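Biologist: I would like to learn how to read salt bridges in a model. Please take me through them.

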Amino acid sequence: ALAAAPLAALESLTLDCCPNLDEDGLRALASFPSLKALSLHDRPSDEDDEIGLCLLGLNSHEGGEFMALASLTSLTDLRLDYTIVDAEALHAMSTLTALRTLSLRSIRHEDDFEGECAALKAVAALTTLTDLDLARNPNLTDEGVNALSTLVNLTSLDLGGCVSLTEEGIRSLSTLTALTFLNVAALQRLTDEGMQAAFPGVPIRKWNGCEVRDHPNYRRFHRHLPAGYRTTLLW
(Lines give C-alpha, C1' and ligand atoms only; values in the text may rest on other atoms or scores of the structure.)
Protein backbone atom coordinates (compact mmCIF):
# COMPACT_ATOMS: atom_id res chain seq x y z
CA ALA A 1 0.00 0.00 0.00
CA LEU A 2 1.11 3.54 -0.69
CA ALA A 3 2.00 5.46 2.46
CA ALA A 4 0.21 8.60 1.38
CA ALA A 5 -0.04 10.64 4.57
CA PRO A 6 3.57 11.93 4.73
CA LEU A 7 3.59 12.61 0.96
CA ALA A 8 0.50 14.79 0.54
CA ALA A 9 2.60 17.50 -1.14
CA LEU A 10 4.16 15.09 -3.67
CA GLU A 11 4.20 16.62 -7.18
CA SER A 12 5.83 13.89 -9.30
CA LEU A 13 5.43 10.10 -9.14
CA THR A 14 6.73 7.31 -11.39
CA LEU A 15 5.28 3.82 -11.02
CA ASP A 16 6.39 2.30 -14.31
CA CYS A 17 6.40 -1.47 -14.74
CA CYS A 18 5.07 -2.18 -11.24
CA PRO A 19 3.43 -5.63 -11.49
CA ASN A 20 1.97 -5.43 -7.99
CA LEU A 21 0.15 -2.14 -8.49
CA ASP A 22 -3.54 -3.02 -8.37
CA GLU A 23 -6.87 -1.20 -8.43
CA ASP A 24 -6.60 -0.27 -4.76
CA GLY A 25 -3.18 1.24 -5.45
CA LEU A 26 -4.63 3.47 -8.16
CA ARG A 27 -7.38 4.62 -5.84
CA ALA A 28 -4.73 5.51 -3.24
CA LEU A 29 -3.28 8.06 -5.65
CA ALA A 30 -6.23 10.30 -4.76
CA SER A 31 -4.32 11.00 -1.55
CA PHE A 32 -1.84 13.07 -3.56
CA PRO A 33 -3.89 16.17 -4.47
CA SER A 34 -0.77 18.15 -5.45
CA LEU A 35 0.43 15.56 -7.97
CA LYS A 36 1.40 17.20 -11.26
CA ALA A 37 3.29 14.46 -13.10
CA LEU A 38 2.34 10.77 -13.07
CA SER A 39 3.83 7.93 -15.11
CA LEU A 40 2.24 4.47 -15.09
CA HIS A 41 3.52 3.04 -18.33
CA ASP A 42 4.31 -0.64 -18.79
CA ARG A 43 6.87 -0.50 -21.57
CA PRO A 44 8.15 -3.85 -22.86
CA SER A 45 11.71 -4.44 -21.72
CA ASP A 46 13.18 -5.86 -24.91
CA GLU A 47 11.62 -4.61 -28.14
CA ASP A 48 9.88 -1.32 -28.84
CA ASP A 49 7.71 -2.92 -31.51
CA GLU A 50 5.96 -5.22 -29.07
CA ILE A 51 2.67 -3.99 -27.68
CA GLY A 52 2.43 -4.35 -23.94
CA LEU A 53 -0.31 -6.79 -23.02
CA CYS A 54 -0.71 -5.85 -19.40
CA LEU A 55 -1.59 -2.80 -17.40
CA LEU A 56 0.81 -3.22 -14.51
CA GLY A 57 -1.06 -5.71 -12.31
CA LEU A 58 -4.38 -5.06 -14.04
CA ASN A 59 -3.98 -7.09 -17.22
CA SER A 60 -7.28 -8.93 -16.75
CA HIS A 61 -9.32 -5.73 -16.60
CA GLU A 62 -10.64 -3.45 -19.31
CA GLY A 63 -9.05 -0.17 -18.26
CA GLY A 64 -11.82 1.34 -16.13
CA GLU A 65 -9.47 1.37 -13.13
CA PHE A 66 -7.97 4.55 -14.56
CA MET A 67 -11.18 6.37 -13.69
CA ALA A 68 -9.62 6.68 -10.22
CA LEU A 69 -7.22 9.24 -11.70
CA ALA A 70 -10.03 11.69 -12.45
CA SER A 71 -9.67 13.25 -9.00
CA LEU A 72 -6.05 14.29 -9.64
CA THR A 73 -7.03 17.69 -10.99
CA SER A 74 -3.55 19.18 -10.54
CA LEU A 75 -2.03 16.80 -13.10
CA THR A 76 -0.22 18.45 -15.99
CA ASP A 77 1.67 15.38 -17.27
CA LEU A 78 0.17 11.85 -17.53
CA ARG A 79 1.87 8.87 -19.19
CA LEU A 80 -0.01 5.60 -19.73
CA ASP A 81 2.06 3.97 -22.47
CA TYR A 82 1.57 0.25 -23.17
CA THR A 83 -1.44 0.02 -20.88
CA ILE A 84 -5.08 -0.91 -21.27
CA VAL A 85 -7.25 2.21 -21.39
CA ASP A 86 -10.91 2.34 -22.37
CA ALA A 87 -13.01 5.25 -23.59
CA GLU A 88 -14.99 5.41 -20.36
CA ALA A 89 -11.84 6.02 -18.34
CA LEU A 90 -10.63 8.67 -20.80
CA HIS A 91 -13.99 10.45 -20.63
CA ALA A 92 -13.74 10.48 -16.83
CA MET A 93 -10.40 12.24 -17.17
CA SER A 94 -12.12 15.28 -18.68
CA THR A 95 -11.91 16.68 -15.15
CA LEU A 96 -8.14 17.05 -15.63
CA THR A 97 -8.35 20.61 -16.92
CA ALA A 98 -4.71 21.36 -16.06
CA LEU A 99 -3.40 18.50 -18.21
CA ARG A 100 -0.86 19.58 -20.83
CA THR A 101 0.99 16.35 -21.72
CA LEU A 102 -0.70 12.99 -22.38
CA SER A 103 1.15 9.91 -23.62
CA LEU A 104 -0.89 6.93 -24.85
CA ARG A 105 1.76 5.09 -26.86
CA SER A 106 0.71 1.54 -27.81
CA ILE A 107 -2.39 1.51 -25.64
CA ARG A 108 -5.02 -1.22 -25.81
CA HIS A 109 -8.74 -0.50 -25.79
CA GLU A 110 -11.84 -2.17 -27.17
CA ASP A 111 -10.59 -3.83 -30.33
CA ASP A 112 -13.23 -2.48 -32.67
CA PHE A 113 -13.95 0.62 -34.72
CA GLU A 114 -16.47 2.13 -32.32
CA GLY A 115 -14.15 1.64 -29.34
CA GLU A 116 -11.25 3.35 -31.08
CA CYS A 117 -13.36 6.34 -32.17
CA ALA A 118 -14.85 6.71 -28.71
CA ALA A 119 -11.39 6.75 -27.14
CA LEU A 120 -10.16 9.48 -29.52
CA LYS A 121 -13.27 11.59 -28.94
CA ALA A 122 -12.56 11.35 -25.21
CA VAL A 123 -9.00 12.55 -25.77
CA ALA A 124 -10.32 15.41 -27.93
CA ALA A 125 -12.25 16.68 -24.91
CA LEU A 126 -8.94 17.46 -23.19
CA THR A 127 -8.63 20.81 -24.93
CA THR A 128 -5.78 22.08 -22.72
CA LEU A 129 -3.35 19.53 -24.17
CA THR A 130 -0.19 20.85 -25.81
CA ASP A 131 1.70 17.53 -26.17
CA LEU A 132 0.00 14.31 -27.28
CA ASP A 133 1.72 10.99 -28.02
CA LEU A 134 -0.39 8.36 -29.83
CA ALA A 135 2.51 6.54 -31.51
CA ARG A 136 2.45 2.81 -32.27
CA ASN A 137 -1.32 2.48 -32.27
CA PRO A 138 -1.73 0.53 -35.53
CA ASN A 139 -5.55 0.51 -35.37
CA LEU A 140 -5.82 4.29 -35.21
CA THR A 141 -8.02 5.36 -38.14
CA ASP A 142 -8.58 8.54 -40.12
CA GLU A 143 -11.95 9.06 -38.48
CA GLY A 144 -10.41 8.73 -35.06
CA VAL A 145 -7.68 11.24 -35.83
CA ASN A 146 -10.29 13.62 -37.26
CA ALA A 147 -11.66 13.98 -33.72
CA LEU A 148 -8.35 15.55 -32.68
CA SER A 149 -8.88 18.57 -34.92
CA THR A 150 -10.37 20.45 -31.96
CA LEU A 151 -7.12 20.31 -29.96
CA VAL A 152 -5.99 23.68 -31.23
CA ASN A 153 -3.46 24.16 -28.42
CA LEU A 154 -1.35 21.17 -29.50
CA THR A 155 2.27 22.02 -30.25
CA SER A 156 3.54 18.41 -30.44
CA LEU A 157 1.76 15.35 -31.86
CA ASP A 158 3.32 11.91 -32.36
CA LEU A 159 1.54 9.56 -34.77
CA GLY A 160 4.60 7.49 -35.67
CA GLY A 161 3.77 3.87 -36.43
CA CYS A 162 0.00 4.48 -36.73
CA VAL A 163 0.09 2.52 -39.97
CA SER A 164 -3.66 2.62 -40.72
CA LEU A 165 -3.63 6.40 -41.21
CA THR A 166 -3.88 7.90 -44.69
CA GLU A 167 -3.54 11.38 -46.14
CA GLU A 168 -7.21 12.01 -45.43
CA GLY A 169 -6.61 11.72 -41.70
CA ILE A 170 -3.52 13.91 -41.79
CA ARG A 171 -5.39 16.60 -43.74
CA SER A 172 -7.90 16.84 -40.89
CA LEU A 173 -5.04 18.05 -38.67
CA SER A 174 -4.45 21.18 -40.74
CA THR A 175 -6.55 23.10 -38.19
CA LEU A 176 -3.82 22.56 -35.59
CA THR A 177 -1.95 25.74 -36.44
CA ALA A 178 0.04 25.79 -33.18
CA LEU A 179 1.91 22.56 -34.03
CA THR A 180 5.70 22.76 -33.95
CA PHE A 181 6.32 19.01 -34.18
CA LEU A 182 4.44 16.24 -35.99
CA ASN A 183 5.88 12.74 -36.24
CA VAL A 184 4.50 10.59 -39.05
CA ALA A 185 7.29 8.02 -39.21
CA ALA A 186 6.39 4.68 -40.85
CA LEU A 187 3.07 5.88 -42.29
CA GLN A 188 3.45 4.07 -45.60
CA ARG A 189 0.21 5.48 -47.07
CA LEU A 190 1.44 9.04 -46.66
CA THR A 191 3.38 10.87 -49.36
CA ASP A 192 5.41 14.05 -49.22
CA GLU A 193 2.87 15.59 -51.61
CA GLY A 194 0.06 14.72 -49.22
CA MET A 195 1.93 16.33 -46.34
CA GLN A 196 2.52 19.50 -48.33
CA ALA A 197 -1.18 19.66 -49.18
CA ALA A 198 -2.10 19.44 -45.50
CA PHE A 199 0.62 21.82 -44.30
CA PRO A 200 1.61 24.11 -47.20
CA GLY A 201 5.14 25.46 -46.92
CA VAL A 202 6.11 23.28 -43.96
CA PRO A 203 9.54 21.60 -44.25
CA ILE A 204 9.44 17.82 -44.45
CA ARG A 205 12.64 16.32 -43.10
CA LYS A 206 14.12 12.86 -43.05
CA TRP A 207 15.21 11.82 -39.57
CA ASN A 208 19.00 11.54 -39.41
CA GLY A 209 19.87 12.41 -35.84
CA CYS A 210 22.22 15.27 -36.69
CA GLU A 211 19.86 17.52 -38.61
CA VAL A 212 17.28 17.63 -35.83
CA ARG A 213 19.47 17.21 -32.75
CA ASP A 214 18.65 20.74 -31.57
CA HIS A 215 14.89 20.25 -31.83
CA PRO A 216 13.25 20.46 -28.37
CA ASN A 217 11.68 17.01 -28.86
CA TYR A 218 14.90 15.30 -29.95
CA ARG A 219 15.63 13.58 -26.65
CA ARG A 220 12.11 12.22 -26.47
CA PHE A 221 11.82 10.81 -29.97
CA HIS A 222 15.27 9.98 -31.32
CA ARG A 223 15.34 6.41 -29.98
CA HIS A 224 12.04 5.52 -31.66
CA LEU A 225 12.69 6.71 -35.21
CA PRO A 226 14.84 4.62 -37.57
CA ALA A 227 17.09 6.68 -39.87
CA GLY A 228 15.36 7.85 -43.03
CA TYR A 229 11.80 7.71 -41.71
CA ARG A 230 9.70 10.74 -42.51
CA THR A 231 9.27 13.24 -39.72
CA THR A 232 7.63 16.60 -40.12
CA LEU A 233 9.13 19.41 -38.11
CA LEU A 234 7.19 22.64 -37.97
CA TRP A 235 9.69 25.25 -36.86
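Predicted model: local features only at pLDDT ≥ 70, side-chain atom pairs only at ≥ 80, totals over all residues.

Biologist: What is a salt bridge, and how many are found in the whole structure?

Modeller: The term means a side-chain nitrogen of Lys or Arg within 4 Å of a carboxyl oxygen of Asp or Glu. The search finds four.

Biologist: Which residue does R27 pair with, and where do the two lie?

Modeller: R27 pairs with D24, with 3.0 Å between the closest N and O atoms. Both sit in helix α1 (residues 23–28), three residues apart, about one turn of the helix. Helices (H or I, at least four residues) and strands (E, at least two) are DSSP runs, numbered from the N terminus.

Biologist: Are R105 and D133 buried or exposed?

Modeller: Buried means under 20% relative accessible area, exposed over 50%, and partly exposed in between (1.4 Å probe, protein chains only). D133 is buried at 2%, and R105 is buried at 5%. Their side chains form a salt bridge of 3.1 Å, N to O. D133 lies in strand β5 (residues 131–133) and R105 in the loop between β4 (101–103) and α3 (113–124), so the pair ties together parts 28 residues apart in sequence.

Biologist: What does D158 form with R105?

Modeller: D158 forms a salt bridge with R105, the closest N and O atoms being 3.1 Å apart. Shared partners join R105, D133 and D158 into one network.

Conventions
Residues numbered from 1 in each chain as written. Heavy atoms only, no water.
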